[in-house]
Structures are given as structure tokens and as C-alpha cells.
Amino acid sequence: MKIDKILILLFLVFAGFACQDELDTNPTDSTSGDVLFSDVQKANVALNGIYRAMYVADEWSANWADEEFGVTAFLLTYDLMGEDMVQNEGGSGWFWFDYMYNVKSDYTHKSGRPYSVWFFYYTVISNANSIIASEENLTGAPSEISSLIGQAYALRAYAYFSLIRFYQQTYVGNENAPGVPIYTEPTTNASEGSPRGTVADVYTQIDADLQQALTLLDPDVAAPRIHPSHIDYYVANGLKAQVALEKQDWPTAESAATMAMSGGTTMLSRENLANGFGFNDANSGTVLWGLQIISEHISDTQSLFGHMDASTSSYAENARKCVSSWLYNQMADTDVRKQMWWNGPLAENAPLGTQLSYNQFKFRFSDPTNALGDYILMRHEEMMLIKAEALCMQNRFGEARTILTELMEERDPNYDISGLTDASTLTINDANGPTTPLGGSSTLLDEIILQRRIELWGEVGRILDIKRLKTGFSRDFEGSNHTQKLLSRNTLDPEYPDFVMSIPQSEFDGNKNMDEVSDQNPWADN
């Protein structure tokens, strides 16, 4: 397989040792692969390199690094492709073309979204494969080896899950559609490329990797987690719950989410939110998995908060990210989460900065001077909502209501769902749009998905839910504040072709088992 720089071997560039207080990836160029994999402590350098790679820029594309800062850049992309997040201005152009659905044609070069997402996740896979292959040769405490290898399996599963959801439609109904190439052995630039497996093939690999990760990360056999950026047993269960949700495997989604929440995390209280809780601390009690950011590895222009926090002089001040007016209006004035968005009068709008109706305050630098702020990748509340959805889909409505009520007791003291119909169906035939009914929620499932959209806004990638729920969407709803309504695009189509990203030309150039005509993802006829 010739995928240019797929095997970066980050551990040769970012060597060092992890400690409790800092994910240490200090650079060196003197460590060979054999030495690195001689014992588990040195092999952890490779693992830490992967975690560091998940938030750095300047690695994933030939240009445009300011919008290619790892996993949160991709999640922001997936949110902007839906209807719940608005980019109010074009600004410097970053993410504007994702919002307008004008990036799919960028597949011909190594800048931009098609290449960066592909290259990033295959880099994670390649490095995870190298760690997994070292298992038999490692020396050190068995519990530490178990933790190391378990995390590598979980990271590989996470990468394949991310790839398959962006480069193909959802699992159910598309099991035999083309997926992505699968690699489970270490690769080099000379390795032969694999063809596209089916979607089912990719999910089979994901499930197997997660099962292996859970076996190895079991607290009875694995060393305790030493850093919040690391995946542990509970995070791996959270990943399993996410995958099961995509596959509509409701019993597994329920049980895995339950296990993920048993590790000691808690939901945010109403008081936390009322006091301006910042979604920027990986050590918060609500966080299952978060990336703790090291200042020397990041800048304000190449970070999530630089593109979200309009109170700073970075990109966000003139490319403001807002909540859709419909979603905002679904929150009662007594809902504490409403404070996460600007609610000042329109007359106070300013051309720059925070004073724009619906502008977000959820994602802010913890320290703007040093461009600091951790990235939260998985929260306790997400697992609650996965469990509620899984219970509802099993027609266990009373249990689903209990979970939703428990969440909302810490959000809105006046919350009342007594009038909702116990049903596991969505209201998608509303004239205002399939995801923006004028009357709000009618069924219990409507409400669970609505609360997921509000609670996890900006965190899980809205377009991914639109795809798995097969609803399609419209930005042209009554009172819409969208600056780009996509009127020429058939986003009402539940499997609109442009929900799926194009495969980069460089993959076809370097992989003889993939054909640029027959294996490229289709375009919509707009």
C-alpha cells in the first residue's frame, strides 16, 4: 500500500513518557522502533503520540492547517453540515465551505476535508496497528501491557467508526455498500493497498476491536488510567454504545451505555451550568473522555476554541457559530442551557464579537492568552441519552421517561413530558421540515432526539445523527436564521449523496486495488 505518509510513526517524532500530570510527548529523533517497543513504558510513547495527533494541526493536509486541527475540527464540520448550527459569516473561509457543501470537489488535492479526514484516521490506524503488533515482544508489568494494547484496539475501532460514517451512509440498509479499506497489520509506504470492504465488513472489524479492547481494559486486568486523554474500560464501553446506536442494536446500546456510566462520572448539575460551566476541562466529573491540551502544541488559530469563541480576536469573532433559531426556541426560558447562546435583542448585534443573536458561549478558551482549553469527546449525558433512546426503541417507555426526566431535572425545573405520546417514531412529515416541526415534540422519541440535539450541540456531529435516523433536513424553516439555506440541494433526501465525503485522489493514485471511477463515492445531481 502506498499511501504516502500514512505511517508517520509519530512515536519517532514525539517521544517521551506519560506521567499523571501531563501527556508528555517531548520531541526526539534518536529513538528507533526496536528500542521503542522493547518495553511497555517506551511503547507508551507511541500511544501518547496518537493522542497528541488527535488535536494538533500542520500534519493532516498540504495546506489549510487552520481548519485541520484533529478530531474536533471534523466534529465541527459534521455539525455545520446539519441544521442545528449556523455559521453566520464567511470570515476567513474556514469551515464556510463545509457549511455550504462545497468541499467534496476538493478530493483532487491534499488540502481540505476529503484528504485530511482520510489521512488522519488512517494514520491513527497505522500507528495503532504497530502498537498491537508489538504485544508479544514487550516487557513490563502485564497490567500495563494490557492497558496499552487495549487502548490501541479501541483507537483503531474509533478510527474505523469515524471513517465509515463520513465516507458512507449509515449502517442499516447499507450493509453491502462499499465501505473503506481495512488494515490490521503494520503498514509502510511499500505495503499493498486493500480494496473497499463492505460496510458490514468494517463494522465487523470495529466490533471485534472493541471486544478485544474491553477484554484488555477490564479493571481486573488493566492498569488504572493515568491521564484523562487515555481510553479506559468505561470509554471503550461508551464507544461500543455509540456503535450499537448506529447499528440499531438497542439492547447492546443500552447495556454498554449503562456500563460506561458506572465508572464514576456524573451529569452536570443545573448549578454547574448556571455558573457558566465551560466545556473545556477534561478533568470535569462529567467527562468520560477528553483531550488535555498542552499549550506548546496548539495555537489560537488552529484550535476548536479559536473557531468558536467570538470573545477573542481569533477567527471566531467574524465567523460566528450560532444555534439555529428553531432549536433555540425549543428551550423554555427556565432551561438553564439557554444561557449557552446569546439572547440579547437584535438591535444589539455587532459586526464582530459575541453580541449576535444565537451566538454560542458553550465552547470558550479556558485561557485565551495561551490558547488553552481541553477537548471533550464523550460525556456522561451522552450515555444517558443513548440509553434513553435505546429503551424507547425497545418500547420500554417508562424507563426512557425516567432517564429523560432525571436529566431535565438538572436543566429545567418546569420540564413536563406528560403530554407526549409513548411511541418510538419521529415526527418527520411536518410542513416546516422533517426535523423542525412547528409544534415541537409529539412523541417520546421526538423529545429524546430533541434533548440530544440541545444537550450535545457542537459535540457529536449533527449530520451523523441525520444520516443514522434517515430524516433528511431543511434549513428553510419558518424563522430560519441560516445564512446558507441550501435551497438548490435536496437535503430532504434521507440518503442524499453529498452527506458522504469523496475519497481523496491520492488514495486511488497509491492503491492499485481501488479504482477512481468505480470506487469513488457518487455526487448528487444538484
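Tutor: Begin with a definition: a residue is buried when its relative accessible area is under 20%, exposed when over 50%, and partly exposed in between, using a 1.4 Å probe and protein chains only. This is a predicted model, in which local features need pLDDT of at least 70 and side-chain atom pairs count only at pLDDT 80 or more, while totals for chains, interfaces and linings use all residues. Residues are numbered from 1 along each chain as its sequence is written, and side-chain values use heavy atoms, with hydrogens and water left out.

Student: Is aspartate 39 buried or exposed?

Tutor: Aspartate 39 lies in the loop between α2 (33-36) and α3 (40-53). Helices (H or I, at least four residues) and strands (E, at least two) are DSSP runs, numbered from the N terminus. The relative accessible area of aspartate 39 is 16%. Because that value is under the 20% limit, aspartate 39 counts as buried.

Student: Which side chain makes a polar contact with the side chain of aspartate 39?

Tutor: A polar contact is a pair of N or O atoms within 3.5 Å; within protein, one must be able to donate a hydrogen and the other to accept it, and residues adjacent in sequence count only if both atoms are side-chain atoms. Contact in general means heavy atoms within 4.5 Å, and leaving aside neighbours within four places in sequence, aspartate 39 has such contacts with Leu138 and Thr139. The polar contact of its side chain, at 2.9 Å, is with the side chain of lysine 42.

Student: How many helices and strands does the protein chain have?

Tutor: The C-alpha trace spans about 60 × 50 × 50 Å along its principal axes. Of the 526 residues, 62% count as buried. The secondary structure of the chain consists of 18 helices and four strands.

Student: What radius of gyration does the protein chain have?

Tutor: The radius is taken over C-alpha atoms, and the globule rule is 2.2 Å times the number of residues to the power 0.38. For 526 residues, a compact globule would therefore come out near 24 Å. The chain agrees with this, at 22 Å.

Student: What percentage of contacts between residues at least 6 apart in sequence join residues at least 24 apart?

Tutor: Take the contacts in the protein chain and keep those between residues at least 6 apart in sequence. The part that joins residues at least 24 apart is 71%.

Student: Which side chain is joined to glutamate 459 by a polar contact?

Tutor: Glutamate 459 sits in the loop between α16 (444-455) and α17 (462-469). It is buried, with a relative accessible area of 8%. Beyond its neighbours within four places in sequence, its contacts include Leu75, Asp79 and Arg379. The polar contact, at 2.7 Å, is with lysine 362.

Student: Which backbone nitrogen does the side chain of glutamine 360 reach at 2.7 Å?

Tutor: Glutamine 360 is found in the loop between α13 (325-329) and β4 (375-379), and is buried at 2% relative accessible area. Its side chain reaches the backbone nitrogen of lysine 362 at 2.8 Å. The backbone nitrogen reached at 2.7 Å is that of phenylalanine 363.

Student: What is the phi of phenylalanine 95?

Tutor: Most residues other than glycine have a negative phi. Phenylalanine 95, in the loop between β1 (85-87) and α5 (96-99), is buried with a relative accessible area of 0%. Although it is not a glycine, phenylalanine 95 has a positive phi of about 70°.

Student: Is lysine 470 buried or partly exposed?

Tutor: Lysine 470 lies in the loop between α17 and α18 (505-510). It is not a glycine, yet has a positive phi of about 55°. With a relative accessibility of 29%, lysine 470 counts as partly exposed.

Student: Which elements are included in what covers the buried residues of α10?

Tutor: Helix α10 covers residues 250-260, and its buried residues include Trp250, Glu254 and Ala257. Lysine 240, which lies in helix α9 (residues 233-247), is in contact with Ala256, among others. The cover of the buried residues includes α9, β2 (287-291) and α14 (380-393).
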